[in-house]
Each structure stands twice: as structure tokens, then as C-alpha cells.
Amino acid sequence: MAPAAAVEKLDPRLCLAIGCTDIWKVVTYIHALRGTAIDNPLPGDVAHGEAVFWGKGQCGTCHMLSGKGGLTAPDLSNIAGVRKASSIVDALTKQQHRVYGSGGAHLRTLPVMDSYLPVYVTTTDGKTFDGVLLNEDGYSLQMIGNDQQLHLFDKAKLRRVAVETRSLMPTDYDKRLTPAEFKDLMAFLTRQGTAAAPAPGRRGGPPQAEREREHASH
Ligand code: HEC
């Protein structure tokens, strides 16, 4: 069934009001606003985007993706399954990408993250460790060192802990990369997620029932 006809079947009054074709455009637009990136992967050269990810962008020195890469930043293997394309662009280009927006249940911006902040630790016996904070409570601290190792500390054995409030994520990729590189990187990133992983050259997705359940819960 053509989209416009589907709308007409849903409620003919909608079509009388602004026309079925226009309604369909509005529906598509709203879907794009609500869905995560995987529902609307951006166009571009995906293979080139992947090359930018591991090459010029150096994303893999910090980020893990499909089991490869660094541990000092969030795993991006399912980034398109949990973020909108606009949020990913913000992460790459805006220092303030982790502030709460006024988007209600669907945040326009990324939730504040209190892990992966740079941390510098000095133990009571004078050893120093740099890395990112994973977790901290009154007694202990966990961090991923720049040596890519997990370190667990008993706080009683630490002389100094300094946590920076600014993330290490570079936010000037719109300048570091050419527009074509940026576009292709986005094409690659907006396809990284459980909904798109299956057979190459074909857009996969979770079983239909699963999708419907997801939508129903919104
Ligand atoms: C020097 C380390 C570093 C490099 C290099 C780096 N990132 Fe990040 N990135 C981080 C850290 C730490 C965070 C988590 C804190 C934050 O969001 O700022 C992050 C967050 C992100 C997020 C948001 C994740 C989320 O869950 O919302 C995205 C998307 C992202 N990075 C993509 C990239 C891409 C793509 C590149 C390469 C073009 C890249 N990063 C390069 C450290 C890095």
C-alpha cells in the first residue's frame, strides 16, 4: 500500500485536512525526530567513513567498536541504536554536547555522563596513574588507565585524586576533517548498531514484533 493510501485508511479526516501526501511527509519527519540513527542512516561512502574512523579521525585510540580499539571512551558498537544522528554530530562538534535539552522524553542532546572523565591518581607510595574514571564510591575507585588496563584502588591508599570536568572527546571534527570525510564518517557511524549489523549490502533489522514493542513503549 502506498504511504498516502495507508494514511487515508488510518483516518480519512486527516487527508481532508491537509492532504494524504503531506501527512505522510509529516509522519516521516516525526519518525526521523523520534528514531535513533539506525532508523535513518545518513548517506555517504560507508567504507571510506570506516577508514576515517580508524585512520585520520583516530577514534579507535579511545573508542572500542566491534571488539577493536581503545577502552578509555564508550564502546560505539551500538551508537546508532541508542543515539540520533544529530546527537552523534553534536558529540563530534560541540563542547556542550552533554547538557539536558528541552526535548521531553526524547532528548535532543546527550545525557550527562559522569564516567570517562579524565582522572589523575597518586597513591600514598607515590605512584601516579592517568586515565578515565569508570566508577567511584566512598571506599574505592575504578579507572581505565592510559595503559588500557583496569585499575582498582582502595581510596585509603590514595594520596590524591583529581577528576577533570572536561571530557577528552575532541569536539572539532568539523574542522579536523574535510566535509566529505565528515559526511562519510557519519554514514559509517549511523550504521553501527544491532539493528543494522546483519548481511552486508542489505539493511537488516530486529524482528518486526520487536520493533513494534519498542515503539509501543514510547
Ligand atoms: C582522546 C580520546 C577520544 C577520541 C580520539 C575520540 N573520542 Fe569520542 N569520546 C571520548 C570520550 C571520553 C567520550 C565520553 C564523554 C563525552 O561524551 O564527551 C566520547 C564520546 C563520544 C560519543 C558520544 C557517545 C555516546 O554514548 O553518546 C561519540 C558519538 C563519539 N565519542 C564518537 C567519536 C568519533 C567518531 C571519534 C573519531 C572521529 C572520536 N569519538 C574520537 C573520547 C574520544
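**Burial, pairing and backbone**

Analyst: In this predicted model, the buried residues of H6 pack against H5, helix H7 (173–176) and H8.

User: What makes H6 a mostly covered helix?

Analyst: A residue is buried if 20 or more other C-beta atoms lie within 10 Å of its own. Seven of the nine residues of H6 are buried, namely Ala85, Ser87, Ile88, Val89, Asp90, Ala91 and Leu92. H6, which spans residues 85–93, also gives the most to the shell around the ligand, with three residues.

User: Which residues of that shell come nearest to the ligand, and how does the shell divide by residue type?

Analyst: The shell has 26 residues, of which Gly57, Cys59, Cys62, Ser167 and Met169 come nearest. By type, 19 residues of the shell are nonpolar, five are polar and two are charged.

User: What makes a group of residues the largest nonpolar core?

Analyst: A nonpolar core requires buried nonpolar residues joined through C-beta atoms within 7 Å. The largest such set has 21 residues, and Ala85, Ile88, Leu185, Met186 and Leu189 have the most contacts inside it. Two or more residues come from each of helix H4 (46–54), helix H5 (79–82), H6 and helix H8 (179–189). Another core lies apart from it, with eight residues that include Leu71, Val121, Val132 and Met143.

User: Which residues are in contact with Ile88, leaving aside its neighbours within four places in sequence?

Analyst: The contacts of Ile88 are Ala37, Ile79, Arg83, Met186, Leu189 and Thr190.

User: Which residues of H8 are buried, and what covers them?

Analyst: Glu181, Phe182, Asp184, Leu185, Met186, Phe188 and Leu189 are the buried residues of H8. Their cover includes H4, H5, H6 and H7.

User: How do you know on which side of H4 its buried residues lie?

Analyst: The buried residues of H4 are Gly49, Val52 and Phe53. The directions from the helix axis to their C-beta atoms cover an arc of only 105°, so they lie on the same side of H4. H8 is included in what covers them.

User: Why is strand S7 called hardly covered?

Analyst: S7 comprises residues 158–163, and the count of buried residues among its six residues is zero.

User: What joins S3 to strand S4?

Analyst: S3 and S4 (residues 128–136) pair in the antiparallel sense over five bridges, with Thr122 opposite Thr128 in S4. The two strands form a hairpin with four residues between them, and Gly126 in the turn has a positive phi of about 90°.

User: What makes Ser66 exposed?

Analyst: Ser66 has 10 C-beta neighbours inside 10 Å; the limit for exposed is 12 or fewer, and therefore Ser66 counts as exposed. Ser66 is placed in the loop between S1 and strand S2 (68–69).

User: Why is Lys94 called partly exposed, and where does it lie?

Analyst: Lys94 has 16 other C-beta atoms within 10 Å, between the limits of 12 and 20, and so is partly exposed. Lys94 lies in the loop between H6 and S3. The C-alpha atoms of Lys94 and Thr171 are separated by 5.3 Å, although the two residues are 77 residues apart along the chain.

Notes: Residues are numbered from 1 along each chain as its sequence is written. This is a predicted model: local features need pLDDT of at least 70, side-chain atom pairs count only at pLDDT 80 or more; totals for chains, interfaces and linings use all residues. A residue is near a molecule or strand if its C-beta atom, placed from the backbone, lies within 6 Å of it. Ala, Val, Leu, Ile, Met, Phe, Trp, Tyr, Cys and Pro count as nonpolar, Asp, Glu, Lys and Arg as charged, and the others, Gly among them, as polar. Two residues are in contact if their C-beta atoms, placed from the backbone, lie within 7 Å. The arc is that of the directions from the helix axis to the C-beta atoms. Two strands pair if DSSP finds at least two bridges between them.
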